[in-house]
Amino acid sequence: DDDATPWPDQDGDGFGENFDCDDTNPDIHPGSTVQVDGRDSNCDGAKDWLVNVWISGDDEFTWCLDFEENILGSGGNWSTGFLFQVWMPSGPHLVGIQGWDTGQVITAVIAHIEISTGQQWVSDASWTFDPSPQSDPKNRAGWCGTEFDDSAWQAANEIGPIGTAPWGNAPSAFPVGSPALWIWDYFPVNLNTQYLRKRVELPY
């Protein structure tokens with residue numbers, strides 16, 4: 001249009017209404033590096049979510065997101081548990097937990113994942129575990145990714161919710177009333193390392 005009039009820029013972020021997916025918020029515009037929870041902050045079609053991830057493991061754990069090199073935390077105090085906060089975009093993701101027991105008594109983990117809408121994903125039998133944790137690590141290459149073929153993995157064993165023996169009311173850091181269950185892998189106690197994974201999809 002040779003007689004084009006500049007598009008209004010109501011929020012003053014340098015992007016007019018023709019480019020800005022929310023011209024009422026200066027933090028939201030193409031290329032924005034400011035993330036706004038539950039909003040498409042940079043106008044790329046995916047919302048940004050600040051995700052709360054509570055994890056505890058008896059005795060210890062590390063956890064990864066979307067690929068096994070992306071380790072976002074670890075912990076060894078199962079009676080308290082740990083809260084991790086991570087930004088994740090809309091779409092599918094994979095949460096992976098490697099847990100181990102230092103005394104070879106029981107290897108168990110519990111997890112509660114939640115976003116600001118109240119939507120939750122918790123540890124239960126929908127999680128899967130590697131039935132061959134002592135096999136060549138090459139067999140698990142990519143295990144923390146959404147594209148990994150886990151058809152040979154098995155459904156986790158549900159032990160029980162917070163309050164179940166031998167853990168009592170631990171982990172104490174978890175949300176009150178969390179429906180998360182302690183889960184493990186059915187193995188005899190002398191196999192004290194486990195790999196667990198869960199696919200989650202954040203809303204668009």
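Q: Cys64 and Cys144: buried or exposed?
A: Cys64 is buried, and Cys144 is buried as well. Please bear in mind that this is a predicted model.

Q: What do these two cysteines form?
A: Cys64 and Cys144 form a disulfide, with 2.2 Å between their sulfur atoms. The torsion about the S-S bond is about 115 degrees, so this disulfide is right-handed.

Q: And which parts of the chain does that pair tie together?
A: Cys64 belongs to strand β2 (residues 60–65), whereas Cys144 is in the loop between β8 (128–129) and β9 (154–155), so the pair ties together parts that are 80 residues apart in sequence.

Q: How many disulfides are there in the whole structure?
A: A search of the whole structure finds two disulfides. Besides the pair of Cys64 and Cys144, Cys21 and Cys43 form a disulfide, with their sulfur atoms 2.1 Å apart. Cys21 and Cys43 both lie in the segment before β1 (48–58), 22 residues apart.

Q: What is the handedness of the link of Cys21 and Cys43?
A: That link is left-handed, with -85 degrees about the S-S bond.

Q: What pattern do the disulfides follow?
A: With bonded cysteines counted along the chain, the pattern is 1-2, 3-4.

Q: Changing topic to the sheet: what is the order of its six strands?
A: The order is β3-β2-β5-β12-β8-β9. The sheet is open, and its strands pair in the antiparallel sense.

Q: Which strands stand at the edges?
A: β3 (67–75) and β9 stand there. Each has a single partner strand, so one side of each is left without a neighbour in the sheet.

Q: How many bridges join β2 to β3?
A: Five bridges join these antiparallel strands. In one of the pairings, Thr62 has Ser74 in β3 as its bridge partner. The hairpin of β2 and β3 has one residue between the strands, and Asp66 takes a positive phi near 75 degrees there.

Q: What about β12, how many of its residues are buried?
A: Seven of the 10 residues in strand β12 (residues 193–202) are buried, so the strand is mostly covered.

Q: And how many bridges join β5 to β12?
A: There are 10 bridges between these two strands, which run antiparallel.

Q: Arg197 interests me. Which side chain meets Arg197 in a salt bridge?
A: The side chain of Asp150 does, at 3.1 Å from N to O. Asp150 is in the loop between β8 and β9 and Arg197 in strand β12, 47 residues apart. Arg197 is buried, with a relative accessible area of 1%, and Asp150 counts as buried at 16% relative accessibility. Asp150, Arg197 and Arg199 are linked in a network of salt bridges.

Q: How many salt bridges does the count come to?
A: The count comes to four. One of the others joins Asp22 and Arg39, whose closest N and O atoms are 2.2 Å apart. Another joins Arg140 and Asp130, with 2.9 Å between the closest N and O atoms. Both Arg140 and Asp130 are buried.

Q: Last topic: where is Asp101 found?
A: Asp101 is in the loop between β5 (91–100) and β6 (108–114). Asp101 is buried yet has no salt bridge. The nearest side chain of opposite charge, that of Arg140, is 18 Å away.

Q: What does the side chain of Asp101 reach, then?
A: Its side chain reaches the backbone nitrogen of Val105 at 2.7 Å. A polar atom of the side chain also lies 3.0 Å from the backbone nitrogen of Gly103. Leaving aside neighbours within four places in sequence, Asp101 is in contact with Asp58, Asp59, Ile106, Thr107 and Asn192.

Terms used: Residues are numbered from 1 along each chain as its sequence is written. This is a predicted model: local features need pLDDT of at least 70, side-chain atom pairs count only at pLDDT 80 or more; totals for chains, interfaces and linings use all residues. Side-chain values use heavy atoms; hydrogens and water are left out. A disulfide is a pair of cysteine sulfur atoms within 2.5 Å. Helices (H or I, at least four residues) and strands (E, at least two) are DSSP runs, numbered from the N terminus. Buried means under 20% relative accessible area, exposed over 50%, partly exposed in between (1.4 Å probe, protein chains only). Two strands pair if DSSP finds at least two bridges between them. Lys and Arg count as positive and Asp and Glu as negative; His and the chain ends are not counted. A polar contact is a pair of N or O atoms within 3.5 Å; within protein, one must be able to donate a hydrogen and the other to accept it, and residues adjacent in sequence count only if both atoms are side-chain atoms. Contact means heavy atoms within 4.5 Å.
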